[in-house]
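This report describes one protein chain. Look at the sequence and the structure first, then read on.

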Amino acid sequence: MKTKTLKILEENQTKRSKCLVYTRVMGYHRPVESFNIGKKGEHQQRTHFEEAVIC
C-alpha cells in the first residue's frame, strides 16, 4: 500500500526539478553536489540545530 505522499510524488514526477543544496565553506557558499565523496559523507553526519530566540 502506497502512502498518499508517495502517490502525489509519482503523479507529479514530470513537474519536479532538481534542488541544489548549498552550505557555507570557509566564508562562502558552495553547492554540496560539488563535494568529493569524503566531504559529502561528512556533510551528512553534521548535527543541525536551531538557535533559541532571546528577546
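## A loop residue

Ser-34 is placed in the loop between S2 and H2. Helices (H or I, at least four residues) and strands (E, at least two) are DSSP runs, numbered from the N terminus. Ser-34 counts as partly exposed because its relative accessibility is 38%. The classes are set as follows: buried is under 20% relative accessible area, exposed is over 50%, and partly exposed is in between (1.4 Å probe, protein chains only).

## Basis of the model

This is a predicted model, in which local features need pLDDT of at least 70, side-chain atom pairs count only at pLDDT 80 or more, and totals for chains, interfaces and linings use all residues. Residues are numbered from 1 along each chain as its sequence is written, and side-chain values use heavy atoms, with hydrogens and water left out.

## The chain as a whole

The chain has 2 helices and 2 strands, and along the sequence they follow the pattern α-β-β-α. The radius of gyration of the chain is 17 Å, whereas a compact globule of 55 residues would have one near 10 Å. This radius is taken over C-alpha atoms, and the globule rule is 2.2 Å times the number of residues to the power 0.38. Along the principal axes, the C-alpha atoms fill a box of roughly 40 × 40 × 20 Å.

Of the 55 residues in the chain, 9% are buried. The chain exposes about 5,800 Å², with 55% of it supplied by carbon and sulfur atoms. Accessible areas come from the Shrake-Rupley method with a 1.4 Å probe; for residues, only the protein chains shown count as cover. There are 11 positive and 6 negative side chains, and the centres of the two sets lie 5 Å apart. Lys and Arg count as positive and Asp and Glu as negative, while His and the chain ends are not counted. The place of a charge is taken as NZ of Lys, CZ of Arg, CG of Asp or CD of Glu.

## The two strands

Strand S1 covers residues 22-25, and strand S2 covers residues 28-31. The two run antiparallel and are joined by 4 bridges; strands pair if DSSP finds at least two bridges between them. Thr-23 stands opposite Arg-30 in S2, and Tyr-22 stands opposite Pro-31. The hairpin of S1 and S2 has 2 residues between the strands, and Met-26 takes a positive phi near 50 degrees there.

In a regular strand the side chains alternate between the two faces of the sheet.

Helix H2 (residues 37-44) contains His-43. Is His-43 buried or exposed? His-43 counts as buried because its relative accessibility is 16%. Leaving out residues up to four places away in sequence, His-43 touches Thr-23, Val-32 and Phe-35, where contact means heavy atoms within 4.5 Å.

## Helix H1 and distances from it

Helix H1 (residues 4-11) contains Ile-8, which is partly exposed with a relative accessible area of 41%. The C-alpha atoms of Ile-8 and Ser-34 are separated by 30 Å, and these residues are 26 residues apart along the chain. Between Ile-8 and Tyr-28, 20 residues apart along the chain, the C-alpha separation is 36 Å.

Glu-11 also lies in helix H1. Glu-11 counts as exposed, at 53% relative accessibility. Its C-alpha atom is separated by 34 Å from that of Glu-50, 39 residues apart along the chain.
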